[in-house]
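Please look through the model below with me, and keep the sequence beside you as you read the numbered points that follow.

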Amino acid sequence: MTNAATRILGLDPGLRCTGWGVVVAEGARLRWVAHGVVAPPDTLPLSDRLLWLLEKVGEVCADYSCDEAAIEEVFVNVNPSSTLKLGHARAAVMLAPARAGLSVAEYSPNLIKKAVVGAGHADKTQIAFMVKRLLPAAGEVKADAADALAVAITHAQLRKRTLLEALNPVRGAA
């Protein structure tokens with residue numbers, strides 16, 4: 001049933017700021033529900049910041065009755081320590097919807113940019129511009145939340161394609 005309304009939580013993980021955005025996908029239509037940023041206090045030890053992210057993203061899942069979630073994959077940074085810390089934050093952010101029983105899809109940054117902007121190397125201002133065009137009810141959206149909404153938009157587009165392919169498999173494929 002491809003036209004059933006599905007609430008999708010998009011997540012842009014970060015240890016300092018994790019963006020989130022919720023959209024409803026109903027057939028080919030997308031509707032903005034909410035967006036924001038969760039930012040654990042910098043003064044907390046790493047383990048407490050990760051727990052804080054897990055709990056706050058879990059609250060978003062519950063508050064907005066999300067059905068599915070999608071998260072941006074980690075990009076490898078020049079600094080291995082930063083990449084590792086981002087990986088920890090991503091794990092905490094990813095576990096929150098999983099703990100709530102949601103499936104969690106993962107998308108590369110280039111795929112997200114291509115799906116939303118049409119170019120795999122778009123910058124943050126281009127992403128925010130397109131998110132505003134695709135979801136005008138969202139109003140002005142800061143970069144982390146815009147990236148999270150872009151993840152949700154990407155998931156809505158790709159899950160629709162996957163559902164349609166499942167309903168209409170290519171004939172003659174073995």
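1. Leaving aside its neighbours within four places in sequence, Pro41 is in contact with Arg49 and Trp52, where contact means heavy atoms within 4.5 Å. Pro41 sits in the loop between strand 3 and helix 1, helices (H or I, at least four residues) and strands (E, at least two) being DSSP runs numbered from the N terminus. At 36% relative accessibility Pro41 counts as partly exposed, because that class lies between buried, under 20% relative accessible area, and exposed, over 50% (1.4 Å probe, protein chains only). The C-alpha atoms of Pro41 and Cys17, which are 24 residues apart along the chain, are separated by 9.9 Å.

2. A word on how to read these values: this is a predicted model, in which local features need pLDDT of at least 70 and side-chain atom pairs count only at pLDDT 80 or more, while totals for chains, interfaces and linings use all residues. Residues are numbered from 1 along each chain as its sequence is written, and side-chain values use heavy atoms, with hydrogens and water left out.

3. In helix 1, the buried residues are Arg49, Leu50, Leu53, Leu54, Val57, Gly58, Val60 and Cys61, and what covers them includes strand 1 (6-12), strand 2 (18-26), strand 3 (29-38) and helix 2. The 18 residues of helix 1 should span 26 Å at 1.5 Å a residue, and the end C-alpha atoms are 26 Å apart, which agrees; the expected span is 1.5 Å times one less than the number of residues. After helix 1 comes Ser65, whose phi is positive, near 45°.

4. Leaving aside neighbours within four places in sequence, Arg159 is in contact with Thr6, Ile8 and Glu68.

5. Helix 1 (46-63) and helix 5 (143-167) are among the helices that each supply at least two residues of the lining of the largest pocket, while the largest share of that lining, 5 residues, comes from helix 2.
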